[in-house]
Amino acid sequence: MAAERLVVIGGDAAGMSAASQARRLKAADALEIVAFERGHFTSYSACGIPYWVSGDVEARDDLIARTPEEHRERDIDLRMRTEVTELDVPGRRVKALDRESGKTYWTGYDKLVIATGARPVRPALPGMDAPGVHGVQTLDDGQALLDSLDALGATESRRAVVVGAGYIGVEMAEAMLKRGFEVTVLNRGEQPMATLDPDMGRLVHDAMDGLGITTVNGAAVTRILTGPDGRVSEVATDAGTYPADVVVLGIGVEPETELARAAGLPVGPHGGLLTDLSMRVAGHDAIWAGGDCVEVLDLVAGRTRHIALGTHANKHGQVIGSNVGGGYGTFPGVVGTAVSKVCDLEIARTGLREKDARAVGLRYVTATIESTGRAGYYPGAKPMTVKMIAELRTGRLLGVQIVGRDGAAKRVDVAAVALTAGMTVEQMTALDLGYAPPFSPVWDPVLVAARKTVTAVRGAGS
């Protein structure tokens, strides 16, 4: 009997995790695996790109977990610089373009995995495609940015404008600062980090100002201006114009689903492919999808959302590979946990923001506390702010946001577990967390926030 053929579109986290897991479960004589990757790299950490650009990570190859050659050694036919340009779902085949030779050809499949990732949001504004304007999503993007920085040479005054103040924006602002640039961040929102509530975003704004990063809120970019050489020279907004030797787009990403849309596959309200718990595309028994191109269930809100994170992509790949390879796996959903930093300021969130709770019709209370990451008397104790959101009456935990230093960000993991378990804030106050003065006050900041939120819930119900 001829081997089944699995075709994988996308050679990064979700795609190659799926291929690798399927190979562990089925040998090459039972399952042929063909994978297409349009870029130059595979199985790399996109989340590490800002730290490579900043110089914290010394070499590009440090971000690569597995090379194409290593995948091929495991009997995975990985075809680099090859882009899938068309899906024929009824005919179970894909059309591929070899970017080096220009050759196109069709490849049939028995099972298909779509892991096309996400693309940086690039507004259709004048000058947005000018030299010196960079999105940062792939290793190819990161290399292009570094090449652009090298081309500028060493001058006394180099100016970088970062458009957007989400995770990518603040991380790239730090990278440019470490590269010796004068950095301006242009943000359309009320405060940086729109994944936080504005009161917590204000803490990030203040810290960025203290680091020497100029943050301009309420500034919508209208065009990119260029100099006589055609390269970017200024960024114009509805609030003013800002000089720039390089522009980095940190507006965010959107699912890369044009190929799937054209084939008639189902997409959700946020533009991502819709799958069931096994990561199988809804209504298509032979097609799976994972990574940044899909929408996932928010376990707190009860709705799908698009979250582009490598942690999810790798888990999706493991689930898909298990199912394709004859095993069994499911991905139940997420609570929306994410952490980031700008220099020594740590930023974390999980669950719902206030506006998220309102959007799904939840009534809630909030509590915000200030504490320290260690016992107050222990050397090096630094402040942190914790905001907690709980459902009115029931006290069910809905979300937590943390801004601080000295280990603040990973404290959000306690809240992520509590959210997944559906705990109330009162139940959280009894959690048996580790304590010693170098690591925490007697009452961990998360538990202090839980106690204050309990009081808010009781007060609102009286």
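Leaving aside its neighbours within four places in sequence, which residues is Leu139 in contact with? In this predicted model, Leu139 is in contact with Phe41, Tyr44, Ile49, Trp52, Arg60, Leu63 and Ile64, where contact means heavy atoms within 4.5 Å.

Residues are numbered from 1 along each chain as its sequence is written, and side-chain values use heavy atoms, with hydrogens and water left out. Because the model is predicted, local features need pLDDT of at least 70 and side-chain atom pairs count only at pLDDT 80 or more, while totals for chains, interfaces and linings use all residues.

- Leu139 is found in helix H4, residues 139-152; helices (H or I, at least four residues) and strands (E, at least two) are DSSP runs, numbered from the N terminus.
- At 0% relative accessibility, Leu139 counts as buried, a word that here means under 20% relative accessible area, with exposed meaning over 50% and partly exposed in between (1.4 Å probe, protein chains only).
- Ile64 is 75 residues away from Leu139 in sequence, and the two are 9.4 Å apart in space, C-alpha to C-alpha.

**Nonpolar cores**

- The largest nonpolar core has 43 residues, and those with the most contacts inside it are Leu87, Val94, Leu112, Ile114 and Leu265; such a core is a set of buried Ala, Val, Leu, Ile, Met, Phe, Trp, Tyr and Cys residues joined through side-chain atoms within 4.5 Å.
- Strand S2, residues 31-37, gives the most to this core, with five residues.
- Apart from this core lies another, of 37 residues, which has Tyr44, Leu146, Ala160 and Leu196 among them.
- Not counting residues up to four places away in sequence, Val94 touches a set of residues including Val7, Phe36, Trp106 and Leu112.

- S21 pairs with strand S22, residues 345-351, in the antiparallel sense over five bridges, two strands being paired if DSSP finds at least two bridges between them.
- Within this pairing, the bridge partner of Ala338 in S22 is Arg349, and Ser340 stands opposite Ile347.
- The hairpin of S21 and S22 has two residues between the strands, and Cys343 takes a positive phi near 55° there.
- S22 is mostly covered, since seven of its seven residues are buried.
- S22 also pairs with strand S25, residues 397-404, in the antiparallel sense over six bridges, and the partner of Thr350 in S25 is Val400.

**The second largest pocket**

- The second largest pocket has a volume of about 210 Å³, a volume being the space filled by probe spheres set on grid points that are joined across faces, edges and corners.
- On a 1 Å grid over the protein atoms alone, a pocket is an open set of points where a 1.4 Å probe fits, with protein on both sides within 12 Å along at least five of seven lines, and lining residues have an atom within 4 Å of a point.
- Of the 15 residues that line this pocket, the closest to its centre are Glu190, Ala194, Leu196, Pro198 and Lys355.
- Helix H6 (198-210) and helix H9 (354-359) each supply at least two residues of the lining, and H9 gives the most, with three residues.
- Lys355 has its place in helix H9 and is partly exposed, with a relative accessible area of 47%.
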